Amino acid sequence: MFSLDSKKTNLILLTLGLGTLIGCLNMMMFNVALPTMVTVFNAPLSTVQWLTSGYMLAAGMIIPAAGYLGDRFGYKRMFTGILVCVLGLSLLGSLAWRIELLIVIRFLFGLTGGLLSPLALAMFYRILPAGQQTKAASIWGMATMIGAILPTVLSGVILSVADWRFLLLFNVPFT
């Protein structure tokens, strides 16, 4: 551990909090969009549900690997790489022309997004001195809670004024 000034600490907290929020947003954004996706892709609901099920399955599978990957490749490098992957997958997903392709992309989103929260939390505890860890955990917790509530509202707003692709393109400015 090393001493960080207040500005640098706040920047780290903001970056990791936004990364966690992006992971949570990606997890929940398509829940509201399922009926829209049935219509857009002319696919049965049982197929379209894989947009959320595939994400959750992949995220659940990858979470236990977060610590190993962080130790092996470096937490900062992993976190940055995942954000780049989220950006690429957002752009790629917005170009999907078949539901099957979008399901695969959402599964890959789950593999990346599932790592954001545990890596961010681990980085809080690795980087920050003990006196700042409570503040960091509180910010991380707020990002997680906001990430559970905000996607439903955002999805509804986005779908009422724009194409489903903007559910994915919404990430681009934040990554």
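Biologist: Which kind of crossing does α4 make as it passes α6, left-handed or right-handed?

Modeller: α4 passes α6 in a right-handed crossing. Right-handed means the near helix is turned clockwise from the far one, and left-handed means anticlockwise by less than a right angle. Helices are DSSP runs (H or I, at least four residues), numbered from the N terminus. This is a predicted model, where local features need pLDDT of at least 70, side-chain atom pairs count only at pLDDT 80 or more, and totals for chains, interfaces and linings use all residues. Residues are numbered from 1 along each chain as its sequence is written, and side-chain values use heavy atoms, with hydrogens and water left out.

Biologist: At roughly what angle do the axes of α4 and α6 cross?

Modeller: Roughly 60°, and the axes of α4 (residues 66-73) and α6 (residues 99-127) come within 9 Å. Axes are lines fitted to C-alpha atoms, for helices over the stretch in contact, with angles from 0 to 180 degrees between N-to-C directions. α4 and α6 are therefore oblique to each other. Under 35 degrees counts as roughly parallel, over 145 as roughly antiparallel, 65 to 115 as roughly perpendicular, and the rest as oblique.

Biologist: Which residues meet there?

Modeller: A66, L69, G70 and D71 in α4 meet L115, P118, L119 and R126 in α6. They divide into 5 nonpolar, 1 polar and 2 charged. Contact means heavy atoms within 4.5 Å.

Biologist: P118, okay. Leaving aside neighbours within four places in sequence, what is P118 in contact with?

Modeller: I63 and A66. P118 is partly exposed, with a relative accessible area of 24%. Buried is under 20%, exposed is over 50%, and partly exposed is in between (1.4 Å probe, protein chains only).

Biologist: And how do α3 and α6 cross?

Modeller: The axes of α3 (residues 50-62) and α6 come within 7 Å and cross at roughly 30°. That makes α3 roughly parallel to α6. The contact divides into 15 nonpolar, 4 polar and 1 charged. Ala, Val, Leu, Ile, Met, Phe, Trp, Tyr, Cys and Pro count as nonpolar, Asp, Glu, Lys and Arg as charged, and the others, Gly among them, as polar.

Biologist: Switching topic: what's with the phi of N42?

Modeller: N42 has a positive phi of about 50° although it is not a glycine. N42 lies in the loop between α1 (6-41) and α2, and counts as exposed at 71% relative accessibility.

Biologist: Last one: where is confidence lowest in the chain?

Modeller: In α7 (residues 130-161), at a mean of 82, while α2 (residues 45-48) is highest at 96. The chain averages a pLDDT of 87, and 98% of the residues score at least 70. pLDDT is the predictor's confidence in each residue, from 0 to 100.

Note on methods:
Helices (H or I, at least four residues) and strands (E, at least two) are DSSP runs, numbered from the N terminus.
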